[in-house]
Amino acid sequence: MLFRSKAPSRRTVEQRRATTSQICVGTGWQGVDAGAETQRWTDQILAAAGVSLATDSLDMLVLSPMNTEPNSARDFFTRLDRQRERVAGVLLLQPFMYQDLRQGLQDRGLRCVVVNRPNLSARYNFVTADHLAAGRTLGRCLALMGVRRVGLLGLQPQQWPSSVELWTGLIEGELQTLGKQTFQFQHIPCDSSQEEDGYVAVRKALRRGKPPEILIAAGDFQALGAIRACMELGLKVPRDIGVVGTTGLDIGRFASPRLTVLAQPMKRIGRAAAGMLMRMQRTGQSRIPGRVLKGTFV
C-alpha cells in the first residue's frame, strides 16, 4: 500500500526525491493469520502515523505480511531494496522483527523506529505503552478488592517484554498497597489473539481446577473468548470471576458484560513513532531515546 504526496513540478529531481521519500512499514506477525485484534491495532497505529508523516510531505510504503520464516528477513530486504532510493526510514510494528533486520538496516544506512521495545534493556528508537504503570494500577485495584488468585491468559513473560512489565507492575502495585505479596498467579497459555483460542484455553484451564478470581488477558478478543468460556461453565462475570483485556479496542464497549481494559494509546503511539522518524530524517540522528506513553484503565 503506497500513499504518494505530489511535489511541485518546478522542483529539482533532488528536491522532489527528498519531498516524496517514503517511510517503509514492516508489519510482520508470528503466524499467517494476524487476526482481527492485531489488524485493528495495526490499522490505528498506521493511520495516525500516516497523517503525521503527510504533514512532513512523507509517503508511507507498507510491506506486509511477514512472519518468522527463515527467509522472511531476506524477502523483506528484497522488496525494500526495490524502493531503496526513496526510502527515508523504517517503522517496525513488531519488535521480534528487529533482531533479524537490525544489521541489514544499519548496512543500508536506514533509520528505524520500533513499536514496542525489542527487549527490556532497549533505550533508543522505540515507542511503547507504559505496561509497567498499567500493571501497577491494576495491582493496586486488585489488592484493595482482596483478590488473591490471578489468572494470566496468553501473557508470556519469557517471550514478550510487555508481559514482563505488566506482571512486574502487578506485583509492585500489590506491594505498594499491602506491603506484602499475596497474589497467586496461574499462567494459561494461549499463543493466538483469536477469540476462539482464548475460549478454548480458558475452558480447558477452568475444567482442571479452581478458577482464578480475576483473569487478565493479553488481548481483548482473547478476553471475550474467556468470558464466553466462563459463562458456559456456569460462572457469572464479573460476580464470580473478573476479566480484563489489555489492548483497549472499541469492541470491549459492546461486549456483554462490558469488558474492563487497560487501553493502549495506539493513535498516540503512531504519531510519536512518525515524529521520531521525521526528527531523525531532519537532524541526521540515528538514535533517539525511546518513548513510553501512558495508557488508560477503563
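Residues are numbered from 1 along each chain as its sequence is written, and side-chain values use heavy atoms, with hydrogens and water left out. Since the model is predicted, local features need pLDDT of at least 70 and side-chain atom pairs count only at pLDDT 80 or more, whereas totals for chains, interfaces and linings use all residues.

The protein chain has nine helices and 13 strands, where helices (H or I, at least four residues) and strands (E, at least two) are DSSP runs numbered from the N terminus. Of the 298 residues of the chain, 49% count as buried; here buried means under 20% relative accessible area, exposed means over 50%, and partly exposed lies in between, as found with a 1.4 Å probe and protein chains only. The accessible surface of the protein chain comes to about 14600 Å², and carbon and sulfur atoms hold 49% of that surface; accessible areas come from the Shrake-Rupley method with a 1.4 Å probe, and for residues only the protein chains shown count as cover. Among the contacts in the chain with a separation of 6 or more, 72% are between residues 24 or more positions apart, a contact being heavy atoms within 4.5 Å.

Confidence is given as pLDDT, the predictor's confidence in each residue, from 0 to 100. The mean pLDDT of the protein chain is 80, and 84% of its residues reach 70 or more. Confidence is highest in strand 12 (residues 291-293), at a mean of 93, and lowest in strand 1 (residues 2-3), at a mean of 36. Over residues 1-20 the pLDDT is below 50, and this stretch has 28 contacts in the model beyond near neighbours in sequence. For residues 29-34 the pLDDT likewise stays under 50, and the model has 18 contacts for them beyond four places in sequence. Where pLDDT is low, the predicted coordinates should not be read in detail.

V237 and P238 are joined by a cis peptide bond, with omega at about 10°, and P238 is placed in the loop between helix 8 (220-232) and strand 10 (242-245). S57, although it is not a glycine, has a positive phi of about 60°; S57 belongs to the loop between helix 2 (35-55) and strand 3 (59-63) and is partly exposed, with a relative accessible area of 30%. N125 is likewise a residue other than glycine with a positive phi, near 60°, and lies in the loop between strand 5 (111-115) and strand 6 (126-129), but N125 counts as buried, at 11% relative accessibility.

I214, found in strand 9 (residues 214-217), counts as buried because its relative accessibility is 7%. The C-alpha atoms of I214 and G242 are separated by 4.4 Å, although these residues are 28 residues apart along the chain, and the residues touched by I214 include L142, V147, I241, G242 and V243. H131, in helix 5 (residues 131-145), is also buried, with a relative accessible area of 12%, and touches N116, S162, E165, L166 and Q264. K294, by contrast, is exposed, with a relative accessible area of 62%; K294 is found in the loop between strand 12 and strand 13 (296-297) and touches D130, P265 and R268. Between K294 and R268, which are 26 residues apart in sequence, the C-alpha to C-alpha distance is 9.7 Å.

The structure also holds two cavities of 30 Å³ or more. On a 1 Å grid over the protein atoms alone, a cavity is a set of points where a 1.4 Å probe fits but cannot get out, and its lining residues have an atom within 4 Å of a point. Grid points are joined across faces, edges and corners, and a volume is the space filled by probe spheres set on the points. The second largest cavity has a volume of about 40 Å³ and is lined by I23, L58, A88, G89, R111, L277, M280 and Q281. Strand 4 (87-92) and helix 9 (266-283) each supply at least two residues of this lining, and helix 9 gives the most, with three residues. The lining divides into five nonpolar, two polar and one charged residue, where Ala, Val, Leu, Ile, Met, Phe, Trp, Tyr, Cys and Pro count as nonpolar, Asp, Glu, Lys and Arg as charged, and the others, Gly among them, as polar.

Methods: 1 Å grid on protein atoms, 1.4 Å probe; cavity = no way out; pocket = protein on both sides within 12 Å on 5 of 7 lines; lining within 4 Å.
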